[in-house]
Amino acid sequence: MPEMFSPSAEMFSPSSVKRNPEGITCVIEVTLPQISSWILQCGGLPEYIARLVRDLDVLKKGLAPLYDEMQEGDSLWLCRSEQIGPLYCHEGIALVRDGRPVVYVRMVQH
């Protein structure tokens, strides 16, 4: 079962947020409701965390590292590590500008 973030005032630790990330592949452009659905599909979430993820306002605040830097023309993408293997495979959401990930939030570590 993948390890997920825990709810708090800041949903993600600073180590989960990377600027100008390398070694990730953008898979598909996503909206906030799609991000919520994706997290819920990962499974293994306690109900109190699932409620937070379903609340799009709370989720958007949790994704502040992305939304705070979003500019006209930017988009959010589901991404994963280029290398797949034990201890270094991860998935998350990236703010993409001009076809390049600008900020990446690692959300699932396999």
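Guide: Let's take some labels in turn and check each against its cut-off, keeping in mind that this is a predicted model.

Visitor: What is the order of the strands in the open sheet, and how are they paired?
Guide: The five strands run in the order β1-β5-β4-β3-β2, with antiparallel pairing.

Visitor: What makes β1 and β2 edge strands?
Guide: Each of them, β1 at 17-19 and β2 at 24-30, pairs on one side only.

Visitor: How do you know that β3 and β4 pair?
Guide: Two strands pair if there are at least two bridges between them. Strand β3 (residues 75-81) and strand β4 (residues 90-97) have six bridges, so they count as paired. Within that pairing, Leu76 stands opposite Leu95.

Visitor: Why is the Arg19 and Glu69 pair called a salt bridge?
Guide: The cut-off is a side-chain nitrogen of Lys or Arg within 4 Å of a carboxyl oxygen of Asp or Glu. For Arg19 and Glu69 the closest N and O atoms are 2.3 Å apart, so the pair qualifies. Arg19 lies in strand β1 and Glu69 in the loop between α4 and β3, so the pair ties together parts 50 residues apart in sequence.

Visitor: Which of the labels buried, exposed or partly exposed goes to Arg19, and which to Glu69?
Guide: Exposed means over 50%, and partly exposed lies between that and the 20% limit for buried. Arg19 has 53%, so Arg19 is exposed. Glu69 has 24%, so Glu69 is partly exposed.

Visitor: How many salt bridges does the structure hold?
Guide: There are three. One of them joins Glu47 and Arg54, at 2.9 Å from N to O. At 42%, Glu47 counts as partly exposed, and Arg54, at 44%, is partly exposed too.

Visitor: What makes Arg97 and Asp74 a salt bridge?
Guide: Their closest N and O atoms are 2.8 Å apart, and the limit is 4 Å, so the label holds. Arg97 lies in strand β4 and Asp74 in the loop between α4 and β3, so this pair ties together parts 23 residues apart in sequence. Both Arg97 and Asp74 are buried.

Notes: Residues are numbered from 1 along each chain as its sequence is written. This is a predicted model: local features need pLDDT of at least 70, side-chain atom pairs count only at pLDDT 80 or more; totals for chains, interfaces and linings use all residues. Side-chain values use heavy atoms; hydrogens and water are left out. Helices (H or I, at least four residues) and strands (E, at least two) are DSSP runs, numbered from the N terminus. Buried means under 20% relative accessible area, exposed over 50%, partly exposed in between (1.4 Å probe, protein chains only).
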